[in-house]
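Here are some exercises to work through with the structure open beside you. Try each task before you read its solution.

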Amino acid sequence: LFARGLAREKMGRWPAAEMDMVEALALNPDDAALLNSLGYSYVDRGKNLDAAIDMIRKAAKIEPESGFILDSLGWAHYRLGRYGMAVRYLERAVEMEPGDAVLNDHLGDAYWQTGRKLEARFQWQRSLRLNPSIADRERIEVKLVSGPGTSSVKHAESDSNGLPIPQQP
């Protein structure tokens with residue numbers, strides 16, 4: 001179900017993908033990859049945000065050394081407009097997975113929103129050197145010229161999640 005859900009999501013069939021992933025989660029509620037994938041999908045769509053961040057937090061507790069899960073948690077904070085918190089998670093994610101174009105791109109966006117424009121441009125340039133998809137490359141090239149648009153979702157939520165916040169190096 002999880003694999004089929006991922007395939008359907010890549011094919012642009014989100015409602016069917018969501019149904020598969022929700023059903024898979026009912027069968028295996030402690031699968032960190034599934035929790036992260038479904039949570040990230042919700043965050044990226046600005047949908048079910050409370051449940052999404054709870055899923056990603058649970059995944060991070062199960063696999064605290066996963067750079068991809070920390071990226072999802074950082075991206076969730078970014079989308080919620082908590083840019084400082086996003087930077088903390090995204091820096092740790094990039095430290096753990098330095099060769100991933102998307103993680104570096106996300107960190108660049110968070111740096112930009114916190115006023116760290118030079119560092120943002122550095123991360124986007126780094127991301128371009130890591131062979132992003134064609135669509136990501138085009139989007140990043142636009143950001144290098146004009147910065148990102150704001151993509152946060154206004155949503156009030158407590159930060160008391162019980163998960164240790166990564167310390168800045």
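Before starting, a word on terms: a pocket here is an open set of grid points with protein on both sides within 12 Å along at least five of seven lines, and its lining residues have an atom within 4 Å of a point. Keep in mind, too, that you're looking at a predicted model.

**Exercise 1.** Find the second largest pocket and work out which helix gives the largest share of its lining.

*Solution.* Start with the space itself: this pocket has a volume of about 230 Å³. Next, pick out the lining, which is made up of Tyr40, Asp44, Trp75, Arg79, Val102, Asp105, His106, Asp109, Ser133, Asp136 and Arg139. Now sort by element: H3, H5, H7 and helix H9 (134-146) each give two or more residues. The largest share, four residues, belongs to H7. Finally, sort by class, and you get three nonpolar, two polar and six charged residues.

**Exercise 2.** Describe how H7 packs with helix H8 (residues 117-129), and say why the pair counts as roughly antiparallel.

*Solution.* First, recall that two packed helices are described by the angle between their axes and the distance between the axes. For H7 and H8, the angle is about 165 degrees and the axes are 8 Å apart. Angles over 145 degrees count as roughly antiparallel, so H7 is roughly antiparallel to H8. The crossing is left-handed. On the H7 side, residues in the contact include Leu107, Gly108, Tyr111 and Trp112, while H8 brings in Ala120, Arg121 and Trp124, among others. Six nonpolar, four polar and six charged residues make up this contact.

**Exercise 3.** Now describe the packing of helix H2 (residues 14-27) with H3.

*Solution.* Here the angle is about 145 degrees, and the axes lie 10 Å apart. H2 passes H3 in a left-handed crossing. Look for Trp14, Glu18, Met21, Val22, Ala24 and Leu25 of H2, which meet Leu34, Leu35, Ser37, Leu38, Ser41, Tyr42 and Arg45 of H3. Sorted by class, that contact has nine nonpolar, two polar and two charged residues.

Conventions: Residues numbered from 1 in each chain as written. Predicted model: local features only at pLDDT ≥ 70, side-chain atom pairs only at ≥ 80, totals over all residues. Heavy atoms only, no water. 1 Å grid on protein atoms, 1.4 Å probe; cavity = no way out; pocket = protein on both sides within 12 Å on 5 of 7 lines; lining within 4 Å. Points joined across faces, edges and corners; volume = space filled by probe spheres on them. Nonpolar A, V, L, I, M, F, W, Y, C, P; charged D, E, K, R; others polar. Axes fitted to C-alpha atoms, helices over the stretch in contact; angles between N-to-C directions. Parallel < 35°, antiparallel > 145°, perpendicular 65-115°, else oblique. Left-handed = near helix turned anticlockwise from the far one by under 90°. Contact = heavy atoms within 4.5 Å.
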